[in-house]
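Open your viewer and keep the selection panel handy.

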Amino acid sequence: MFRRFPFSLLTLVAAMTATSRAADPDHRDRFQEQTFEAAGHKLLYRRLSPQKVEPGVKYPLVVFLHGAGERGADNQKQLVHGMNDFAQDAMMAKYPAFVIAPQCPEGKKWVEVDWTHDAHTTPQEPSEPLAATLALIDDLLKSEPIDKSRVYITGLSMGGYGTWDALERRPELFAAAAPICGGGDPAGVAKYKDVPIWAFHGDKDTAVKPHRSREMIAALKAAGGQPKYTEYAGVGHNSWAPTYSDPALYE
């Protein structure tokens, strides 16, 4: 499925979104500071838990991979985009879930590739931050009441690349994925063609070319997959803003 929103409609939606977002309280402090160590690598992350964990109930896990501008060691910047949407009262009541937002260190990437290139080949090994994130997921599946059949991954820009990469490495792990303004290796899509995927990009993106999402969607369809794709007309690199404010994404 390919959806291209006209500029006039997008402008109206953006205005309505800006108004609603301005009214949303900042609940990002609901994400607790956490640290995880795997193979000598320390991963900083934030974790949002369901408001009430019912005995005997298992909950979904959402994994969020931030963009390049949120790298660091403060265990805070990775919450800038999208995460306040997950922490709102109405969202937590309707979709109780665990949400983790790891932070990639400065100088590292979720996928060690050049973002300026028109294509890349999946590296043989995952990057240190992504490897630690995958190990963290495995650890949480053992220690928390998480439904193993409902582990979801999403990410923007550098995190969009990470989302595609994680899908190729661990297709059996994820129930669905939402990569935003990222890119992957079309040669590896057969491994996860049956995973529900909804990708997003802005058609005016100059930081990561829309071609990178388009080629992944085309490759998935050629492999027999049924991905969804939304390309926002007139939108640049910040396609995550309309994406994370869209109720249909969470449904």
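A disulfide here is a pair of cysteine sulfur atoms within 2.5 Å. By that test, the structure holds zero disulfides. This is a predicted model, in which local features need pLDDT of at least 70 and side-chain atom pairs count only at pLDDT 80 or more, while totals for chains, interfaces and linings use all residues. Residues are numbered from 1 along each chain as its sequence is written, and side-chain values use heavy atoms, leaving out hydrogens and water.

Select Cys104 to begin. Its nearest cysteine sulfur belongs to Cys181 and is 16 Å away. Cys104 has 0% relative accessibility and counts as buried (under 20% relative accessible area, with a 1.4 Å probe and protein chains only). Now move to Cys181, which is in no disulfide either. Cys181 is buried, also with a relative accessible area of 0%.

Next stop: the largest pocket. A pocket is an open set of points on a 1 Å grid over the protein atoms alone, where a 1.4 Å probe fits, with protein on both sides within 12 Å along at least five of seven lines; lining residues have an atom within 4 Å of a point. The largest pocket holds about 550 Å³ of space, the volume being what probe spheres set on the points fill, with points joined across faces, edges and corners. Select Val62, Tyr152, Leu249, Tyr250 and Glu251, the closest to its centre of the 25 lining residues.

Finally, colour strand 6 (146-156).

Terms used: Helix = DSSP H or I, 4+ residues; strand = E, 2+ residues; numbered from the N terminus. Buried < 20%, exposed > 50% of the residue type's maximum accessible area, 1.4 Å probe, protein only.
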